[in-house]
Amino acid sequence: MGVLRHWERIVAWLDHHAPLTGSAFIPPEGNAAVEALAHASGLEPPDELRAWWAVCGGTADLAFAEVLPPFYTPLGPSNSLRSWRLKERFWPADLDTEAGTATSGFHPMWLPIAFDGCGDALAVDLRPGVLSGCVVEWDREAGEVLKPEWTSLDEMLDQVATALEHRGRLGHCEPLVTTDGRLGWRTN
C-alpha cells in the first residue's frame, strides 16, 4: 500500500536529516484504539488511514513533530477521537454537504489526523461524494474549509516524502532542518 511506503520514506528521511523530530513518534496504538474511535464517532476510518495508524501512533503527550506542512503533527487514533470530540461545538448547522466542498464549522464526518497546537487540524473528509477520503485543513479562527488540500492520505504522504527527499516546495512551504535536528517548514 502506498501509504506505508510513503510513511517509510518520511521516517527514513527524518532518521537521517531530522532525528529529533523522528524520535518524537511513538509506536502504533493497535486496532482496539481504531475500533474505539470508530465506535465512539460512528465513522469508519478508511483503509489508508487504518494502514497509517498501524505504523504511526502520533507523538507522546502530543509533542510537536511538524512533519506535515505547514505546522502539523500526526495524531494517533486516541488523540484523533479526543480532537474530534473537542470540535463538536464547531459542527455546522448544514450537515448535508459532499466531501471536498467548502463548509463552515468542523463537520462531524471529518476525522482529525494532525494538529498544530492552535486548534487547526488536518482531517480526512468522510462525507459521501467523489472526493470522500480527501484531506482538508480546518482553520479554527476562520471556522471553515474552502477546498481539499490533498485528494487522499496517500497523495499527502507521497507529496510530503517527495518534498523532503528533494528539499523541494510543497505548496507555499519548503522543509527546513534546524541545527538541533528538528524539521520545520518555511512558509512564504
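Arg-50 sits in helix 4, residues 47-53. Helices here are DSSP runs of H or I with at least four residues, strands are runs of E with at least two, and both are numbered from the N terminus. The model is a predicted one, where local features need pLDDT of at least 70 and side-chain atom pairs count only at pLDDT 80 or more, while totals for chains, interfaces and linings use all residues. Residues are numbered from 1 along each chain as its sequence is written, and side-chain values use heavy atoms, with hydrogens and water left out.

What does Arg-50 touch, leaving aside its neighbours within four places in sequence? Its contacts are Asn-31, Val-34, Glu-35, Glu-44 and Pro-45, where contact means heavy atoms within 4.5 Å. With the side chain of Asn-31, the side chain of Arg-50 makes a polar contact at 3.4 Å. A polar contact is a pair of N or O atoms within 3.5 Å; within protein, one must be able to donate a hydrogen and the other to accept it, and residues adjacent in sequence count only if both atoms are side-chain atoms. Thr-103 is 53 residues from Arg-50 in sequence, and their C-alpha atoms are 26 Å apart.

Next, helix packing. Two packed helices are described by the angle between their axes and the distance between the axes. Axes are lines fitted to C-alpha atoms, for helices over the stretch in contact, and angles run from 0 to 180 degrees between N-to-C directions.

Helix 3 (residues 31-41) packs with helix 5 (residues 77-86) at about 20°, the axes being 8 Å apart. Helix 3 and helix 5 are therefore roughly parallel, the word for angles under 35 degrees. The contact involves, among others, Leu-37 of helix 3 and Trp-84 of helix 5. By class, the residues of this contact are eight nonpolar, three polar and one charged. Nonpolar covers Ala, Val, Leu, Ile, Met, Phe, Trp, Tyr, Cys and Pro; charged covers Asp, Glu, Lys and Arg; the others, Gly among them, are polar.

Helix 1 (residues 2-17) and helix 6 (residues 153-166) pack at about 25°, with axes 9 Å apart. Helix 1 and helix 6 are therefore also roughly parallel. Trp-7 and Trp-13 of helix 1 and Leu-157 of helix 6 are among the residues making the contact. That contact divides into nine nonpolar, three polar and four charged residues.

Now the loop between helix 4 and strand 1. Most residues other than glycine have a negative phi, and most peptide bonds are trans. Asp-61, in this loop, has a positive phi of about 55° although it is not a glycine. Pro-70 is also found there, and a cis peptide bond joins Pro-69 and Pro-70, with omega about 0°.

Key: Angles under 35 degrees count as roughly parallel, over 145 as roughly antiparallel, 65 to 115 as roughly perpendicular and the rest as oblique.
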